[in-house]
Amino acid sequence: MTEADFFGYNAHIIQEQTKSQRTTDGGKITVTPLNIVVKERAMKILEERILRDGKVQAGNVLKVGGFLNHLIDYQLLDEIGKEISALFCGQKITKILTIEASGIAIACAAAHYVCAPVLFAKKSKTINISSDCYCAEVYSFTHQVSKMIMVEKDFLTKDDKVLIVDDFLANGAAINGLMSLVEQAGAELVGCAVAIEKGFQGGGDTLRAKGINVQSLALIDSMDDDGHIVFRH
Ligand code: 5GP
């Protein structure tokens with residue numbers, strides 16, 4: 001695939017959708033609110049990209065390494081970041097919290113528009129991390145093992161208003177672990193934003209039932225081994 005193919009696909013949709021922001025009818029100009037345009041656009045781009053380049057693997061795993069979390073399309077990420085920012089507009093977020101490694105790029109894209117620093121939970125203790133950490137145990141859906149995640153106490157405080165961001169939401173273990181870090185710090189959780197939610201695994205709905213503001217840009221209702229993916233709208 002050439003560079004033009006890789007990015008050109010998204011650029012086409014971005015152009016097309018931007019037109020609907022300002023429409024003229026007999027001299028009357030209608031401007032659709034930017035957050036609606038951004039949301040529709042980001043969702044459409046992401047859904048189309050999942051259908052084109054995503055690969056359904058055994059065990060309910062959707063592989064998106066060709067554009068989201070291995071080889072990264074920074075234009076798509078920028079749209080995702082813009083959308084996350086629009087969804088949590090005016091919430092005075094002071095920190096974006098994510099988990100290494102796949103969440104970091106998306107969190108940075110959102111941080112650019114939210115204007116808040118990114119804090120990522122580490123999955124292993126290195127010599128350069130302080131021993132004074134908030135820790136939580138998280139079962140990894142993709143690695144199928146439990147791991148401790150940690151952030152240094154100095155970087156998350158009771159004065160923080162935190163937005164949790166991740167690439168996927170499946171059973172909710174990663175987000176629950178991150179929420180535990182927020183709670184231990186006495187910080188305020190504003191909400192959670194994920195690029196892709198696999199609705200059929202139930203993690204998102206359980207969090208919403210607890211009153212947490214969970215937003216996903218692409219919500220998959222079902223997918224099968226033949227690669228059929230159905231989105232919830
Ligand atoms: P959960 O903890 O909600 O069960 O799963 C979310 C975490 O597992 C995310 O941090 C993500 O990295 C990983 N994950 C879950 N499902 C998938 C998937 O279908 N594809 C990929 N690439 N990662 C996933």
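This is a guided tour of a predicted model, stop by stop.

**Before you start**

Residues are numbered from 1 along each chain as its sequence is written. Because the model is predicted, local features need pLDDT of at least 70 and side-chain atom pairs count only at pLDDT 80 or more, while totals for chains, interfaces and linings use all residues.

**Whole chain**

Show the protein chain as a cartoon. Its secondary structure comes to 6 helices and 12 strands. Helices (H or I, at least four residues) and strands (E, at least two) are DSSP runs, numbered from the N terminus. The chain has 233 residues, and 37% of them count as buried. Buried means that 20 or more other C-beta atoms lie within 10 Å of a residue's own; exposed means 12 or fewer, and partly exposed is in between, with C-beta atoms placed from the backbone. Now consider contacts between residues at least 6 apart in sequence: 62% join residues at least 24 apart. Two residues are in contact if their C-beta atoms, placed from the backbone, lie within 7 Å.

**Stop 1: the ligand**

Select the ligand and its surroundings. Its shell holds 19 residues, and the closest are Phe141, Ala170, Asn171, Ala173 and Ala174. Strand 4 (61-63), strand 9 (161-169) and helix 5 (173-185) each give two or more residues to this shell. Which element gives the largest share of the shell? Strand 9 does, with 4 residues.

Color the shell by residue class. You get 10 nonpolar, 6 polar and 3 charged residues. Here Ala, Val, Leu, Ile, Met, Phe, Trp, Tyr, Cys and Pro count as nonpolar, Asp, Glu, Lys and Arg as charged, and the others, Gly among them, as polar.

**Stop 2: Phe168**

Stay on strand 9 and select phenylalanine 168. Is Phe168 buried or exposed? Phe168 is buried, because 25 other C-beta atoms lie within 10 Å. Leaving out residues up to four places away in sequence, Phe168 touches Val194, Ile196 and Lys198. Next, draw a distance from Phe168 to Ala193. They are 25 residues apart in sequence, yet 9.3 Å apart in space, C-alpha to C-alpha.

**Stop 3: strands 5 and 6**

Select residues 95-99 and 118-121. These are strand 5 and strand 6, paired in the parallel sense over 4 bridges. Strands pair if DSSP finds at least two bridges between them. Ile99 stands opposite Ala121 in strand 6.

Two backbone details deserve a zoom. Most residues other than glycine have a negative phi, and most peptide bonds are trans. The bond from Glu100 to Ala101 is cis, with omega near 0°. Ala101 lies in the loop between strand 5 and helix 4. Then go to Cys115, in the loop between helix 4 and strand 6. Its phi is positive, near 65°. Cys115 is exposed, because 9 other C-beta atoms lie within 10 Å.

**Stop 4: the hairpin**

Select residues 133-139 and 146-152. Strand 7 and strand 8 run antiparallel, joined by 7 bridges. Tyr134 stands opposite Val151 in strand 8. The two strands form a hairpin with 6 residues between them. Finish in the turn, at Gln144. Gln144 has a positive phi of about 55° although it is not a glycine. Gln144 counts as exposed, because it has 8 C-beta neighbours inside 10 Å.

Key. Near = placed C-beta within 6 Å.
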